[in-house]
Amino acid sequence: MGTIPPSANDLELMRFALTEAAEAARENEIPVGAIVVDGSGRVLGTGRNTRIASADPTGHAEINAIREAAVERGDRVLDDCTLVVTLEPCVMCAGTILAARIGRVVFGAWDEKAGAAGSIYDLLRDGRLPHAVPEVVSGVCAEESAALLRDFFLTRRES
């Protein structure tokens, strides 16, 4: 499977997602940020991890952004949308992306422990699924995304 190069817009959107991730870190949450935009580039939803503050295991950045986008759109189907997230989606988030029929996913850092968009699993591009699989663009601002996570966990270990 070939690599799809990011567009200039992907970089701009990832910078926005990185600000969400940094805000999560300031709130003592794992620094992952996400944004959902429609086909015209309008922001429909933003999210950051809220698992600790909300005591909700589903409080991942992607889930929060997708929920907000679906409410904004008034529809559970987001097929013309792009999800941009700083960390490769996990199995739960990949399932939600597929359920929402998101057409495009852009992510930053690979998740070698729980990734479901190509590292451990590749649910997003599994051709056996009943719906169209999204386009996946990986590694956008990967080092910046990974550095936020590394610094966060390093600080926690030192405490």
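Predicted model: local features only at pLDDT ≥ 70, side-chain atom pairs only at ≥ 80, totals over all residues.
Me: How many helices and strands does the chain have, and what pattern does the chain follow along the sequence?

Reply: Helices (H or I, at least four residues) and strands (E, at least two) are DSSP runs, numbered from the N terminus. The chain contains five helices and five strands, in the pattern α-β-β-α-α-β-α-β-β-α. The radius of gyration of the chain is 14 Å, close to the 15 Å that the globule rule gives for 159 residues, so the chain is as compact as a globular protein of that length. Here the radius is taken over C-alpha atoms, and the rule is 2.2 Å times the number of residues to the power 0.38. Along the principal axes, the C-alpha atoms fill a box of roughly 45 × 35 × 30 Å.

Me: What percentage of the residues of the chain count as buried?

Reply: Buried means under 20% relative accessible area, exposed over 50%, and partly exposed in between (1.4 Å probe, protein chains only). Of the 159 residues, 43% count as buried. In strand β3 (residues 82-87), six of the six residues are buried, so this strand is largely enclosed by the rest of the structure.

Me: Which strand pairs with β3 in the antiparallel sense, and which in the parallel sense?

Reply: Two strands pair if DSSP finds at least two bridges between them. Strand β1 (residues 33-37) is antiparallel to β3, with four bridges; Ile 35 has Val 84 of β3 as its bridge partner. Strand β4 (residues 104-109) is parallel to β3, with five bridges; Thr 82 has Arg 104 of β4 as its bridge partner.

Me: Which residues other than glycine have a positive phi?

Reply: Most residues other than glycine have a negative phi. Asn 28 lies in the loop between α1 (8-26) and β1 and is partly exposed, with a relative accessible area of 44%. Cys 141 also has a positive phi, of about 55°. Cys 141 sits in the loop between β5 and α5 (142-158), where it counts as buried at 11% relative accessibility.

Me: Where does Gly 115 lie, and which residues does Gly 115 touch?

Reply: A contact means heavy atoms within 4.5 Å. Gly 115 belongs to the loop between β4 and β5 and is buried at 0% relative accessibility. Not counting residues up to four places away in sequence, Gly 115 touches Glu 88, Pro 89, Ile 120 and Tyr 121. From Val 71, Gly 115 is 44 residues away in sequence and 27 Å away in space, C-alpha to C-alpha.

Me: What is the place of Val 137, and is Val 137 buried or exposed?

Reply: Val 137 belongs to strand β5 (residues 135-137) and counts as buried, at 0% relative accessibility. Val 137 and Arg 156 are 19 residues apart along the chain, and their C-alpha atoms are separated by 30 Å.

Definitions and conventions:
Residues numbered from 1 in each chain as written. Heavy atoms only, no water.
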